[in-house]
Amino acid sequence: MKQLKLMIISVLLTLTGVTTADSDSVDKRQTIHLDDEERNIVLTEMRTFLSTIQQITQGIVNEDLGKVSSAAKAMGNDASGGVPLSLIFKLPFDFKLLAADTHQKFDQIALDADSLADRDHALEQVAVLMQNCVACHALYRIELEDD
Ligand code: HEC
């Protein structure tokens with residue numbers, strides 16, 4: 001029964017473009033198969049996430065809440081446009097939820113930096129936001145699809 005359930009789940013995941021890791025792989029994260037261009041879009045956004053986190057923490061250290069706000073705002077919901085439809089279809093639902101929540105949290109950091117200008121609060125928000133980075137990285141990896 002348990003095996004049947006697992007089979008059904010993995011068939012469903014395959015249909016949505018996600019496969020469970022090869023059984024002989026030590027890497028148990030789910031694999032998202034993307035083409036070269038789609039993979040590049042995701043990884044480019046990731047590197048922007050990282051540099052944004054750097055800028056926000058730098059702003060907090062420098063007591064420059066304006067910098068915190070502008071860096072965070074640039075990674076808010078407005079930044080999630082321009083994603084090709086093919087990519088949206090290939091990304092698992094939970095991945096999209098986590099990504100949307102992450103953009104939302106950047107927007108909130110920007111809003112609060114403007115209205116409260118509280119460094120401790122901003123730092124706390126960064127700590128919570130980064131739980132999304134950690135959670136998603138524990139779940140997924142990207143591989144190039146065969147062409
Ligand atoms: C919705 C899921 C998700 C979220 C949220 C997320 N990431 Fe990622 N990230 C990924 C995946 C998937 C990869 C590719 C991992 C792999 O293939 O091994 C990745 C890769 C990266 C890379 C490597 C980029 C490269 O060029 O190879 C960096 C850096 C990164 N993420 C930073 C971040 C930071 C910082 C955050 C939080 C602000 C974050 N990510 C949030 C899913 C996510």
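Hi everyone, let me start with a term: buried means under 20% relative accessible area, exposed means over 50%, and partly exposed is in between, using a 1.4 Å probe and protein chains only. What we have here is a predicted model, where local features need pLDDT of at least 70 and side-chain atom pairs count only at pLDDT 80 or more, while totals for chains, interfaces and linings use all residues. Residues are numbered from 1 along each chain as its sequence is written, and side-chain values use heavy atoms, with hydrogens and water left out.

Let's go to the metal. Which protein atoms are donors of the iron atom of the ligand? They are Met46 (SD) and His137 (NE2), lying 2.0 to 2.2 Å from the iron. Donors here are N, O and S atoms within 2.8 Å of the metal (3.2 Å for Na, K and Ca), and since water is not among the atoms, sites may look incomplete. Met46 sits in helix α2 (residues 36-61) and His137 in helix α6 (residues 119-139), so this pair, 91 residues apart, links distant parts of the chain. Helices are DSSP runs of H or I, at least four residues, and strands are runs of E, at least two, numbered from the N terminus.

The arrangement is octahedral because the 6 donor atoms around the iron subtend angles of 87 to 179 degrees. For six donors, octahedral means that opposite donors are over 155 degrees apart and all others between 65 and 115. Met46 counts as partly exposed because its relative accessibility is 27%, and His137 is partly exposed too, at 47%.

Now the rest of the ligand's surroundings. Of the 18 residues around the ligand, Met46, Arg47, Cys133, Cys136 and His137 come nearest; a residue is near if one of its heavy atoms lies within 4 Å. An oxygen atom of the ligand is 2.6 Å from an N or O atom in the side chain of Arg47, and for the side chain of Arg29 the corresponding distance is 3.2 Å. Ile142 takes part through its backbone, with an N or O atom 2.8 Å from a ligand oxygen.

Last stop, Arg141, in strand β3 (residues 140-144). Is Arg141 buried or exposed? Arg141 is buried, because its relative accessible area is 15%. Its side chain makes polar contacts with the side chains of Thr31, at 3.1 Å, and Glu143, at 3.2 Å. A polar contact is a pair of N or O atoms within 3.5 Å; within protein, one must be able to donate a hydrogen and the other to accept it, and residues adjacent in sequence count only if both atoms are side-chain atoms.

Methods:
Tetrahedral: all angles 85-135°; square planar, octahedral: opposite > 155°, others 65-115°.
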